[in-house]
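Hi,

Here is the structure I promised to send over. Have a look at it first, and then read on for what turned up.

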Amino acid sequence: MKATGQSGPCCSVCGKPLTDPVSIEKGSGPECAGKQKRTELAYRTGNLFANRADYSWGLEGAVIWIEDNNGPKSVTNDMDAVLTDICHELREEVNYKLVMYRDSRGVWDAVSCNVQICESLGTFRQNGKGAIVSGVDFVSLNQTDRKRAKIELYSKAALRKVKPIRL
Ligand SMILES: [Zn+2]
């Protein structure tokens, strides 16, 4: 390729050059994508109760995976409620699980959060306030492939860049 002085693909948020194929395809780097998600979650608008995210999820070994099905609200925007629902399903099984989430763009992120259980596990499900999810944070895995995302999740957890849920 000839050097023309013209710059290659850049992050649409911070303008830094992008080299990773997933970042180039999505138009922003992993740090900026994570920052955008945190902002979106902090400043979400609309009726919190009427418009819920549509998502699929499952438990695979030590990993809880969540996929955004592009419902009326994004999972990013509804992540604390989504995690609360999942906690109500899994109860004490959520302990030590890592969470990964495929956003509406098809990119996987790791999700960290704090979970507090306020009631005994016997009333965990009936009581909507049984599990309190707070401090939701996103760490980009920058992968569109699920298996690769899972490998990246484990490696980030080993480096303590991602925390498992702790009850
Ligand atoms: Zn950027």
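Predicted model: local features only at pLDDT ≥ 70, side-chain atom pairs only at ≥ 80, totals over all residues.

α3 itself runs over residues 79-90, so to speak 12 residues in all. From first C-alpha to last it reaches 16 Å, close to the 16 Å expected at 1.5 Å a residue. Which of its residues are buried? M79, V82, L83, I86 and C87. They sit on the same side of α3, because they cover an arc of only 140 degrees around the axis. The cover over these buried residues includes α2 (30-42) and the strands β1 (55-60), β2 (63-68), β4 (108-117) and β5 (131-143).

Now for α2. This helix has 13 residues and reaches 18 Å between its first and last C-alpha, close to the 18 Å expected at 1.5 Å a residue. P30, A33 and K37 are buried here. Their arc around the axis is only 60 degrees, so they end up on the same side of α2. T39 and A42, on the other side of α2, are exposed. What covers the buried residues of α2 includes α1 (21-26), along with β4 and β5.

As for the whole protein, there are four helices and five strands, and along the sequence they follow the pattern α-α-β-β-α-β-β-β-α. Of its 167 residues, 31% count as buried. If you look at contacts between residues at least 6 apart in sequence, 56% join residues at least 24 apart.

Cheers

Terms used:
Residues numbered from 1 in each chain as written. Helix = DSSP H or I, 4+ residues; strand = E, 2+ residues; numbered from the N terminus. Expected span 1.5 Å × (residues − 1). Buried ≥ 20, exposed ≤ 12 C-beta atoms within 10 Å, placed from the backbone. Arc of directions from axis to C-beta. Contact = placed C-beta atoms within 7 Å.
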